[in-house]
Amino acid sequence: ACLLCRRAEVDPDIYGCKLEKQGLCVHVFCLFFANELFQQWDKKVGLMGFLPEDIQRTIKRAAQKRCFVCGESGAAITCRETGCDRSFHLPCAVEGGCITQFLPQYRSFCWEHRPEQAVEAAPEENTTCLICLDPVEDRKSYSTMVCPTCKHAWFHRGCIQGQAVCAGISRFQCPLCRDSDVFVSEMLAMGIRIPFRLPSWENSHAYAALSERHSRCDASECLCPGGREQAEEEGPWHLLLCCSCAAEGTHRRCSCLTNSTASWECNSCA
């Protein structure tokens, strides 16, 4: 088990892999979030730059503190708010409503002092999470979050965290408006861990079809002599894809579109 959080099995995508050296076993992010534990400039010394003697001192200090969430000792993380002494284990953060910001300063906050989304928005009645499709709460909360850009995309904290792990920093975006810049900054501030790696599906053959362009005419009656799969660069058999979903297409002639028509929208999107 990790000597800082005392857990043997946790999600490495969230808490980092376990490092073992000189009789020590710790999760990467348990090190980064621990109180008064600093990384050396030379990352080759100790455990990723954390000196074994410093880690031992941190473990001894944490043994004197109890986690306000689970009640067990060994809480190495304390809320950054001045005067607040609430301490907790990293894997207990979500259950306790805490926010841990996976940014270079690695700041942590308890449920009372955690940052909240500033965007003014409230979900409409019967709004569901865009990811799992289950209902969300009737307001913003620790568990119910909203995109700060479009203000219409609502999702559960656990659901958007799962999407962040799969997408990685290069593809993580709002599931509705596709904004990434403002969205990523907001999610990081709200404690969502976004791995700095390529999306998981780029290494999976199961998702290969998602990157392929739609290439057939879906008109109710295809008039092309070469069939639905034929597509030319211009003229009546030029294939236009739906400008909204790109999941359906039509030959110009099959939908009575002129050569000057630059875009087309399928019936579902229209």
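Let us start with a pair of charged side chains: R216 forms a salt bridge with E229, their closest N and O atoms being 3.1 Å apart. A salt bridge here is a side-chain nitrogen of Lys or Arg within 4 Å of a carboxyl oxygen of Asp or Glu. Before going on, please keep in mind that this is a predicted model, in which local features need pLDDT of at least 70 and side-chain atom pairs count only at pLDDT 80 or more, while totals for chains, interfaces and linings use all residues. Residues are numbered from 1 along each chain as its sequence is written, and side-chain values use heavy atoms, with hydrogens and water left out.

Back to our pair. R216 and E229 both sit in the loop between α5 and β9, 13 residues apart. Helices (H or I, at least four residues) and strands (E, at least two) are DSSP runs, numbered from the N terminus. How open are the two partners? R216 is partly exposed at 31% relative accessibility, whereas E229 is exposed at 53%. For these words, buried means under 20% relative accessible area, exposed means over 50%, and partly exposed is in between, using a 1.4 Å probe and protein chains only. Salt bridges with shared partners join R216, E229 and D218 into one network.

The structure holds five salt bridges in total. Another one pairs D13 with R197, with the closest N and O atoms 3.8 Å apart. D13 belongs to helix α1 and R197 to the loop between α5 (181-189) and β9 (239-241), so this pair ties together parts that are 184 residues apart in sequence. D13 is partly exposed at 29%, and R197 is partly exposed at 30%.

R57 is partly exposed, with a relative accessible area of 45%, but D54 is buried at 17%.

A nonpolar core is a set of buried Ala, Val, Leu, Ile, Met, Phe, Trp, Tyr and Cys residues joined through side-chain atoms within 4.5 Å. The largest one here has 34 residues, and those with the most contacts inside it are L4, V26, F29, L31, F33, I55 and L90. At least two residues of this core come from each of α1 (12-15), β2 (24-27), α2 (28-33) and α3 (52-62). The most comes from α2, with six residues. As an example, take V26: leaving aside neighbours within four places in sequence, V26 is in contact (heavy atoms within 4.5 Å) with partners including L4, C17, L31, L47 and I55. Apart from this core lies another, of 25 residues, among them V119, C129, C147 and L188.

Finally, a note from a record: an unreviewed UniProt entry gives the annotation "domain: PHD-type" to residues 1-114. UniProt positions follow the numbering used here, feature names are shortened, and annotations may be inferred rather than shown by experiment. In the model, the end C-alpha atoms of residues 1-114 lie 28 Å apart, and the span is 18% helix and 14% strand.
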